[in-house]
Structures are given as C-alpha cells and as structure tokens.
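Dear colleague,

I am handing over to you the structure shown below.

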Amino acid sequence: MIKNILGLAILFSLLISISCSDDDEKFKIVASDAEFYIDENPDPGDIIGKINITSESDDLVYNIIKSSYWNSFSVNSNGEIIVKQNTAFDYEHNQLILGVIHVSNQKQSDESHIMIFINDVNEIYAENFVMTMDEGVSENQSLGFMQARADQGSMNFELLSQTPENAVSIDHETGEVLVKDPSLFAYDLNSSITGMVKISNADSEKEVLFSINLNKIVVPEEPQEPVETAPGVLTGVVSITTQTELDEFVKNNYHTIQGDLIIDEDPEGEGIVSLEGLESLLEIQGSLIIRNTNSITNLKGLEGLSIVYQLYIQNNMELSNLDALSGIENAAIIIITDNILLKDFCPLQELLKNNSFQDAPGYYNKGYTIPPLPPKSFGASGNMLNPTVAEVLELDCN
C-alpha cells in the first residue's frame, strides 16, 4: 500500500515537471540584435525596421530602456521601430543611434540591442526669401537671389506659384528673382507679392516661400508757412535756425503752437545762444525739437511750457541742465540723446513719475529720424548720464 502511494506521488511530480518544462518553452523569448539603415531627414512616423523575435507567445510587450538620442524613436506593439523626433536623423550632426529594447510576456523577457545607421543624402538647404522695398520698379530689375545651397551638384529653381500672377520671374540656374510686370509693384494694387519656389537637384528638393512687401511712396507736400489762427495761437510747423529768427519769433508772444517747434542750428549761420523770450509759450501740440546747438548751456525761456506732445533734445554740445523743463506736466514721448555734458535729469522726475513713462525700445537712438514709438516712452543715450526711467525716479532730487 505504501509502495503504491509512493509511486503515484513520483508519477504526479514527473507530470508537473514535464508540464512546467513545456510551459516555459512556450513562453520562451529570443530577441535578436539588429542593425537598421535609414536616409537622413525622414518624416516622423516612418518605419525604420522591425525587431526579429522568436517566441510562441503572442502577447509580447516592447519597451525602450536605453537610447543614445532620447525620444528619437519609438517601438509599437508589433516590434516595429518608428521615427519619433526626426531632428536626431541628421547625418551632418549624428550618424548612429543606439538603443536597447526590452521584450517581455507574462513569464519571460529578453533584450534586443539595436543600431540605427543614418545615411547621408545630397541635401538642399534653403531659406524663405523675404524683403521689403519701395513701390515703383522697372522691368527685369533684380530683387536679389534665393539663399540656397546643396551638398553637391547644381540646383534648379522653379517658380510654383505667385500672387498676383506674373509679378516676378526667377532664373532657373541662379535663383535670381526679377521683376516681370512692374505695374503690379504698386502699393495701392498689392501691398505684398508672395509665392512659392521649388529648389531641386538629382537627389533632393525643397519648397520655400517668398514674400516681397511694398512701401507706399508718399510725395511730401510743400511746407506751408505757419498761420496765426487765433490770438496767441500759431498753426503749422515753426523752424528756427538762427538767433535772429528766434528773436523775431518771440515778439509775437504765442502761447500755443498747433504743430511742431523745431530749433535746429544752421552750421553755416550765426548760431543760437539763448532761448530766452519763449516765456509766453505754454503748449506745443506737436513736437518740440532742440538740436545741433553749439552755445546753448540751458533751456531758460521754456519755464512756462506745461504741455508738449513729443520732446526731442539732441546733440547740443554745451547743454548741461534741463531745469527749464521742470514745469512740463504732460508729454507722450521724451528722447534725449548726444548731449555730451548733460547729466542732470532731476527736472524730468515728476513728469516721468506722474505720467507712468516706460523705457523706449532701443531703436530710438539710431539717428534723428526716429521710428514711431509707443506712448509714454522715455529714452536717453549718448549723454554724460543715460538713466532709465527707474533710475530717474530713484534720483535724490531734493
């Protein structure tokens, strides 16, 4: 009886062992290492290749556990290696991507070490063609060249589309952009001319955009003499270049100028030595521009001025203080540049504070022709002291 029981136990044990052995064999995974080759600059989603797996199990799970270039590829449920971030597939910067793929089922796992070699392709490198120009051109006028190059060989330039039609042509060999129909380069008809160009060689091609933005040419009107439109009110642009002109102007005791007052010393004239006499002036609804003087040390005479839309003080060689401007209560733009002896900005402290001024964009100091600035802009450069708005507000002006 005991022998029979012992025999049955041994038989049962053998059956379990055989069953487990068959089960292990069923779940066994062999993941082969692999090399793949792909041309550079593929599209995201392109299939690079597939991992070779030997397994009877069909519930395999794939995971990337190592990669020499993070996020460059992914692996799907079929074991296919897929391009993810194509920036890694640029031969000029990277020729090989390494990775380790972990393959598993419910009981076993293996790893596949992969190498992805990137093939060099004869590429074309090109930039969009963008320019801004004045309206009014001539036929066959050159507008410039498409910026493009190839790794090797020549390129062909083909104009695919343009709006409006027939505005430009392009040289097929050089990429030079030429005016075809000058009548279309009129701002009132077309403020811009756009299109697409295909650049190609034997191995590659690239499409780029072109955009030609037109400026409208405005013929300036002949300046008109300022006119007294009410007692003490002068409408127009007042330009003063000598002390004699200034002395004649102040005799009229204007309190308001509905326009600009430009004091710009004539280098060939007698010069301007003083602004005294302008005490009656209370408001300038345009710009007050004082520039290029060689003898003015202060702005005495402007103490009564309380409102000015734009204030420009530029290139005054002897100007050392702005005390006379302390009465200005309201202004939109203040630009002070190239006054080499000027370092005291206290007279402007209250004005900047009460009107919430901000620092002007950096392009304001490129010259006398200043592009449009946002309201409440203040800028100083080229002076002995060039404070920001915050620095002016922090000055000890007591």
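This is a predicted model: local features need pLDDT of at least 70, side-chain atom pairs count only at pLDDT 80 or more; totals for chains, interfaces and linings use all residues.

Arg291 belongs to strand 24, which covers residues 283–291. Is Arg291 buried or exposed? Its relative accessible area is 17%, and buried means under 20%, so Arg291 counts as buried.

Next, the sheet. Strands of a sheet pair through backbone hydrogen bonds, in either a parallel or an antiparallel sense. Here an open sheet is built from 4 strands, in the order 11-18-17-14, with mixed pairing. At its edges lie strand 11 (129–134) and strand 14 (156–163), each of which pairs on one side only. On average, neighbouring strands of this sheet are turned by 20 degrees against each other, direction ignored. Strand 14 runs antiparallel to strand 17 (residues 192–200), and the two pair over 7 bridges. Within this part of the sheet, Leu159 has Val197 in strand 17 as its bridge partner.

Finally, the largest pocket holds about 180 Å³ of space. Its lining consists of Asp39, Glu40, Asn41, Val121, Glu123, Ile124, Ser204, Glu205 and Lys206. By type, these lining residues comprise 5 charged, 2 polar and 2 nonpolar.

With kind regards

Terms used: Residues are numbered from 1 along each chain as its sequence is written. Side-chain values use heavy atoms; hydrogens and water are left out. On a 1 Å grid over the protein atoms alone, a cavity is a set of points where a 1.4 Å probe fits but cannot get out, and a pocket is an open set with protein on both sides within 12 Å along at least five of seven lines; lining residues have an atom within 4 Å of a point. Grid points are joined across faces, edges and corners, and a volume is the space filled by probe spheres set on the points. Ala, Val, Leu, Ile, Met, Phe, Trp, Tyr, Cys and Pro count as nonpolar, Asp, Glu, Lys and Arg as charged, and the others, Gly among them, as polar. Two strands pair if DSSP finds at least two bridges between them. Axes are lines fitted to C-alpha atoms, for helices over the stretch in contact, and angles run from 0 to 180 degrees between N-to-C directions. Buried means under 20% relative accessible area, exposed over 50%, partly exposed in between (1.4 Å probe, protein chains only).
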